[in-house]
Amino acid sequence: NAILEGAQAVNPDTVCYSVSEISADAASQYDTLILGCPAMGDEVLEESEFEPFFTELEAKLSGKNVALFGSYGWGDGAWMREWEERTAATGAKLIGDGFFINEIPDDDGLAQCRDFGKNAANA
C-alpha cells in the first residue's frame with residue numbers, strides 16, 4: 001500500500017490489482033507496471049498464482065517500463081536478481097533495481113516504499 005501511495009502521489013490514476021483480479025493480457029495494456037511478489041520457498045516467486053501470471057506476462061513486456069518489488073524472510077535476494085534478469089531478457093525497461101524489504105517494513109521501510117512508488121510512477 002505504501003508503494004501505491006507513492007505512485008498515486010505522482011499519478012493519481014495508478015491502480016492496484018492482485019494477480020487474481022487481472023489477466024496478463026489486461027496487465028500488458030499498461031505502459032508502466034509495478035510488480036510485487038514475495039520470495040517463497042527456496043527464494044523463488046510465489047508459485048501458485050504469481051509465477052503462472054508472470055510467465056504469461058513475460059511475452060508481453062517488451063518495451064514496457066517495469067519496476068519490481070517484494071519482501072523476503074531469509075536469503076540474500078537471489079530471487080529478486082533472477083526476476084530482474086528474466087524481466088530484462090523480455091526487452092522490458094527496468095525502472096532501477098528491484099526493491100525488497102526483509103519481513104514487514106518499519107517506518108523507514110514504509111518511507112522507502114513510498115519513494116520507490118514515486119520513482120516508478122515517474123518513469
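This is a predicted model: local features need pLDDT of at least 70, side-chain atom pairs count only at pLDDT 80 or more; totals for chains, interfaces and linings use all residues.
## The largest pocket

The largest pocket of the model has a volume of about 1000 Å³. Its lining comprises 39 residues, and those closest to the pocket centre are Cys16, Ile34, Leu35, Gly36 and Phe69.

Six elements each supply at least two residues of this lining: the helices α1 (2-10), α3 (50-58) and α5 (107-121), together with the strands β1 (32-36), β4 (65-72) and β6 (99-102). The largest share comes from β1, with five residues. In terms of residue class, the lining has 26 nonpolar residues, eight polar residues and five charged residues.

## Packing of α1 against α5

Helices α1 and α5, which each supply at least two residues of the pocket lining, also pack against each other, with their axes 6 Å apart and at an angle of about 40°. Angles under 35 degrees count as roughly parallel and those from 65 to 115 as roughly perpendicular; α1 and α5 are therefore oblique to each other. The crossing of α1 with α5 is right-handed.

On the α1 side, the contact is formed by Ala2, Ile3, Glu5, Gly6, Ala7, Ala9 and Val10, which meet Leu110, Cys113, Arg114, Phe116, Gly117, Lys118 and Ala121 of α5. By class, the residues of this contact comprise nine nonpolar, two polar and three charged.

## Packing of α3 against α4

Helix α3, another contributor of at least two residues to the pocket lining, packs with helix α4 (residues 78-89): the two axes come within 10 Å and cross at roughly 25°. Because angles under 35 degrees count as roughly parallel, α3 and α4 are roughly parallel to each other. Their crossing is left-handed.

From α3, the residues Phe50, Glu51, Phe54, Thr55 and Glu58 take part in the contact, meeting Trp83, Arg86 and Thr87 in α4. The residues of the α3 contact with α4 divide into three nonpolar, two polar and three charged.

The α1 and α5 pair is oblique and crosses in a right-handed sense, whereas the α3 and α4 pair is roughly parallel and crosses in a left-handed sense.

Note on methods
Residues are numbered from 1 along each chain as its sequence is written. Side-chain values use heavy atoms; hydrogens and water are left out. On a 1 Å grid over the protein atoms alone, a cavity is a set of points where a 1.4 Å probe fits but cannot get out, and a pocket is an open set with protein on both sides within 12 Å along at least five of seven lines; lining residues have an atom within 4 Å of a point. Grid points are joined across faces, edges and corners, and a volume is the space filled by probe spheres set on the points. Helices (H or I, at least four residues) and strands (E, at least two) are DSSP runs, numbered from the N terminus. Ala, Val, Leu, Ile, Met, Phe, Trp, Tyr, Cys and Pro count as nonpolar, Asp, Glu, Lys and Arg as charged, and the others, Gly among them, as polar. Axes are lines fitted to C-alpha atoms, for helices over the stretch in contact, and angles run from 0 to 180 degrees between N-to-C directions. Angles under 35 degrees count as roughly parallel, over 145 as roughly antiparallel, 65 to 115 as roughly perpendicular and the rest as oblique. A crossing is left-handed if the near helix is turned anticlockwise from the far one by less than a right angle, and right-handed if clockwise. Contact means heavy atoms within 4.5 Å.
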